[in-house]
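Have the model open beside you as you read.

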Amino acid sequence: MEEAGALEAILTSPEFAPNIVLERVLKASKGNFVPFPADLDRRIAVALRGRGIERLYTHQGEVREKLNEGKNVVVVTPTASGKTLCYNLPCLEALLEDEKARCLYLFPTKALSQDQQSELNELVSGAGIPVKVATYDGDTPDSLRISARDSGRIIITNPDMLHAGILPNHPRWIKFFSGLAYIVIDEIHSYRGVMGSHVAELIRRLRRVAAFYGARPRFILCSATIANPRELAQTLTGTSVTLVDNNGAPQGEKRVILYNPPLVDAVQGIRRSVVTESRRWMLAFLKAGIKTILFAHSRVKTEVAASYVNEDLKNIFTGNSGIRVEAYRGGLLPNERREIERGLRDGTIRGVVSTNALELGIDIGGLDASVVAGFPGSFNSFWQQAGRAGRRGGHSVSVFVASSSPLDQFIMNNPDWFFRKGAEEGRVDPANPYILTDHVKCACFELPFRDEELKAEPVPQSAEPAPDLEPGTDPFGATVIPVLEFLEEEGILRHAAGKWHWADRSYPAEGVSLRSASADNVVIIDATGGRNQVIGEMDRPSAKELIFKNAVYLHRGRQYLVETLDIQNRTCLVREADVNYFTDGLVKTDIKVLSEDETLRYGKTDSKTDKALVTGSLGDVLVRSQVAKFKKIRFHTHENIGYGDIDLPEEEMQTRSLVLLFGPETTGGAALVQKDTVETGFILAGMGTLIRLIAPVFLLCDPRDLGIAERVRDPHFGVPALYVYDKYPGGTGLSEALSRRAAELFGAVLSVVEHCPCASGCPSCVGPGAKKAAVAEFLRLLA
């Protein structure tokens, strides 16, 4: 970083220095290289040298060696370490060696797909490499789809399109599937929990179709920071995978700053706004000539922070000092996203304020500083965001600006814990009966199952080497036989002549969403002066919270007032305005019990009183969220200047839930009767935090897949209750699985509390602010 002196001046200035809690320097490391392989195609070597690449990093060379040995590979190295070349190099080699060969690239988002197509186009066009690269997703025009299918050598897509658009129509893709040599799956750390379980089944369907056309493709998987990359890769693909994690890329020096904003109200513990303080950091960096990205974690905060920075820079005589800052978030039109990405790469945009949309590996050029406004929810996300600075090498700085939340303040009070904490694991469960059944239906629609091929057990989720399936063995294995028999009883499949045939009239992929919610979006239309121009889009649940009637919609520095939100027709009309406030919807959520299908008793019963330690109720619940009011928040001061009413229907989700009940007839309930309401609330909140941390280990899911709600006195059951519910419509079997393992769970959470070295509660156990001793005492009764 050429501006090293300016950075030192910022860090030592009285404006920031008094509130810097800790500065940690992550030392630079030299790169380890290997020369281009002697048998590397001359055209590829010319293309690489044309981009300034004269040799390979050691991990890039190792990936190529393992692939040449016929192995599948997962490569795990830090951000900006050249993972893209790990798969582009072998794929291009395969395509140049065999004109019939094809490759499939899977990325989790459309933005990543577009970015990788640009990268590949630059690589192949620079040296005249005869390889056609095509993106095939929801944005691809019909006129280009036939060309992509017939002549695309590398097809770039996402799991959703593969699931609903490509595999069900595989007869149109015969040329592609029959020559499929490599399947690239990037950013595998984003495939966790229920979403990851869906993708694991999707990959098994992909392998079935490829095998039907005589192809046995190998896998190249890439991931950034994650604790169990090989285990996750093997479970996703159902194959044996070799791990390459010896990073050969040079790493520039990175300074990580923990910054706690000054107190505004010491009595209530209120600190200066995280948006305001993050803006000050970004402004200081930009004025010092340091290219900066600020992660703001919500659409509103992103737009507000970007507008603050642009206001501070505003100067008509100097063109904002020659500094252009943009907001980047979901809901921007594709051409707007690409314009911002291009501006960051070519240097015309010096700063960007983003949600986690730029967290993944989109190439946005050489940023030197990142500012993270509040903890993003996981350590994987934090280090991904911190890694967005310094992607071109050299020195960089990342500033974590804490909010007033208990978790952020715990980190500020225990900074060493923050740096010791490792990356989270990625867990998936392809054996989930709900998900497995859905994908068996899709797979059978694509190709009949054959009895003689259903003979292998699935690859377990393990870091140990997994056996590869013999030719003629179905990737789903023998575990699908009970599912096939069940679907036959339902009249969906028909078994004849040793095959299981699709017998239903429906198109199964249409009814299976890989993600938590449907993708129906509300289109935002600017009606100012009769323009009627589409300026953005937003998913339906978010639209109810952000673009209700009279809301202020912020879009790339402009303010709009919402005139109407037509949920039924998925349209929102807005007009340009100039107001001194923004709006924030107030969401209320409640849970209504719809059915009590099963009553459960847990733990050892008291031999004298025959009391259960705790009881449970398994059944259907209705989770309702509604935005009934909104508040107006003045720019800069962030004071409330008024409220308004919102008249929109509730957002409802019917799902499955396990309710832990602490009635007076149970040992746990009898203990809570002795506590006052406040302490009972602390105990239930601590248990909820623990279950959110530990239950995913038992259920092989992600914490985001579970909803937790504590009730000191539940209105339905009339006793203290703890709801654990699936955060997916209809449920995904997580609550049922937990109901069978709740007794084990109590023992596990007690062990976590007893072995945690903290004094009174931390994010690794009962949560900051909870009463650890009281929670531990209560858990000892249950375990």
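Predicted model: local features only at pLDDT ≥ 70, side-chain atom pairs only at ≥ 80, totals over all residues.

Residues are numbered from 1 along each chain as its sequence is written, and side-chain values use heavy atoms, with hydrogens and water left out.

**An open sheet**

Let us begin with the strands. Helices (H or I, at least four residues) and strands (E, at least two) are DSSP runs, numbered from the N terminus, and two strands pair if DSSP finds at least two bridges between them. An open sheet is built from 7 strands in the order 6-7-5-8-9-4-10, with parallel pairing. Its edges are strand 6 (133-135) and strand 10 (241-244), each of which pairs on one side only. From one strand to the next, the twist averages 20°. Strand 6 is joined to strand 7 (residues 154-157) by 3 bridges, and Val133 stands opposite Ile154 there.

Helix 10 (residues 229-237) lies across strand 4 (72-76), strand 8 (180-185), strand 9 (218-223) and strand 10, and runs at about 150° to strand 10. Such angles run from 0 to 180 degrees between N-to-C directions, with axes as lines fitted to C-alpha atoms, for helices over the stretch in contact.

**An enclosed strand**

Now move to strand 18 (residues 396-401). Because 6 of its 6 residues are buried, strand 18 is largely enclosed by the rest of the structure. Buried here means under 20% relative accessible area, exposed means over 50%, and partly exposed lies in between (1.4 Å probe, protein chains only). Ser396, Ser398 and Phe400 point one way, while Val397, Val399 and Val401 point the other.

| Partner of strand 18 | Bridges |
|---|---|
| Strand 11 (residues 254-259) | 6 bridges |
| Strand 17 (residues 369-373) | 5 bridges |

Val256 has Ser398 as its bridge partner, and Ala373 has Val401.

**Two helices together**

Helix 2 (residues 42-50) packs against helix 4 (residues 83-97) at about 145°, with the axes 10 Å apart. Arg43, Ile44 and Leu48 in helix 2 meet Leu85, Leu89, Leu92, Glu93 and Leu96 in helix 4, where contact means heavy atoms within 4.5 Å.

**Nonpolar cores**

A nonpolar core is a set of buried Ala, Val, Leu, Ile, Met, Phe, Trp, Tyr and Cys residues joined through side-chain atoms within 4.5 Å. In the largest one, of 62 residues, Phe418, Leu660 and Phe662 touch the most other members. Helix 21 (residues 677-699) gives the most to this core, with 9 residues. Leaving aside neighbours within four places in sequence, the contacts of Leu660 include Tyr602, Val614, Ile691 and Phe746. Apart from this core lies another, of 52 residues, among them Val73, Cys91, Leu120 and Ile154.

**Two positive phi values**

Glu187 is not a glycine, yet its phi is positive, at about 55°. You will find Glu187 in the loop between strand 8 and helix 9 (193-212). Is Glu187 buried or exposed? Glu187 counts as buried because its relative accessibility is 7%.

Ala497, in the loop between strand 20 (493-496) and strand 21 (499-502), also has a positive phi, near 55°. Ala497 is exposed, with a relative accessible area of 82%.
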